[in-house]
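Q: I have a protein model to go through for class. Could you help me read it?

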Amino acid sequence: MIQKIIAFITSLCAFFCSLFGISCSNVFGNANKVDMSKFTMTFSDDFDTFDRSVWSGHYQYGDASEIRRGGYWNKNIVYVDDGSLVIPLCYLENGMGGKGAGWYSAGIDTDSDSPEGFSQKYGYFECRCKLPAVIPAWAAFWLMNDGVYNEDGSGEDGTEIDIFESVSSKYLLRPVVSSNLHYDGYGENHKFAGSGSKRVCGDPYNEFHTYGLEWNKNEYIFYIDGVETYRTSFGGVSKNPEYMILSLEMGGSDGIPSEEIDKNKTYNFVIDYVKAYQYK
């Protein structure tokens, strides 16, 4: 039933936007498109296989499971299917990695001490993916470094850059995402700014769409399907290399989900590719 409701809403959006000549991705933004001619590729993963030496998992170590909001993260739950990376959100009665019953998913990233790890300052970063269509699944593609935790009144040493976040429970399963920035740690000095909801054309739960970030010394520019949706220089712009993160989590806290959903179903975050580019 939920899938039918989602399909109806997204189809209605696409119909009215096409009727009036409006891009769904651009309902709340402008018509600027990313100029790929000024970039050269520095990273590409099409996920024909899952290279765990690249996506090492900064938040996960070995076979352990750690509490993440309303569930657990364990990187061993991630797999590749038909040329796409799949991060599932599923309920495991018998648990995983030494933890008991609960919702399990994963956060994986390119932060690594090995030569296979990847981080970069400035450029363009893009993910092509399908989003999980369930309340309260929280899928995201973001950048991070340790400077985010420095409480010095500036984001220049490090800013959590959320290229996109999809928190369905906030938007009643409307086809929207948001882009957000955080710095100065996550305590009382935490600083935050965000784009608000940005509509995605079509059905992002059953179709692939791209979510990108252009990051230069002056500002952050966010894109959906290559169309600009938000730009800002909040925090002064990070001036240190950052690594990439793909994550899916259950809303809630201390391992307790914020809402009850069907425990017999698996809800997938499906990633076709992740790419990064540097300015020529």
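The conversation below goes from the overall fold to single residues.

Q: What sort of model is this, and how are residues numbered?
A: This is a predicted model, in which local features need pLDDT of at least 70, side-chain atom pairs count only at pLDDT 80 or more, and totals for chains, interfaces and linings use all residues. Residues are numbered from 1 along each chain as its sequence is written, and side-chain values use heavy atoms, with hydrogens and water left out.

Q: How many helices and strands does the protein have?
A: There are 2 helices and 20 strands. Both are DSSP runs numbered from the N terminus: helices are H or I with at least four residues, strands are E with at least two.

Q: And how much of the protein is buried?
A: Of its 280 residues, 54% count as buried. Buried means under 20% relative accessible area, with a 1.4 Å probe and protein chains only.

Q: What about contacts along the chain?
A: Taking contacts (heavy atoms within 4.5 Å) between residues at least 6 apart in sequence, 71% join residues at least 24 apart.

Q: Changing topic: how many disulfides does the structure hold?
A: The structure holds 0 disulfides, a disulfide being a pair of cysteine sulfur atoms within 2.5 Å.

Q: Where is Asp162 found?
A: Asp162 is in strand 10, which covers residues 160–167.

Q: What does Asp162 touch, then?
A: Leaving aside residues up to four places away in sequence, its contacts include Phe141, Trp142, His182 and Phe222.

Q: And Thr232, is that buried or exposed?
A: Thr232 is buried, with a relative accessible area of 14%. Thr232 lies in strand 16 (residues 227–232).

Q: What are its neighbours?
A: Not counting residues up to four places away in sequence, Thr232 touches Leu181, Glu219, Tyr220 and Phe222.

Methods: Buried < 20%, exposed > 50% of the residue type's maximum accessible area, 1.4 Å probe, protein only.
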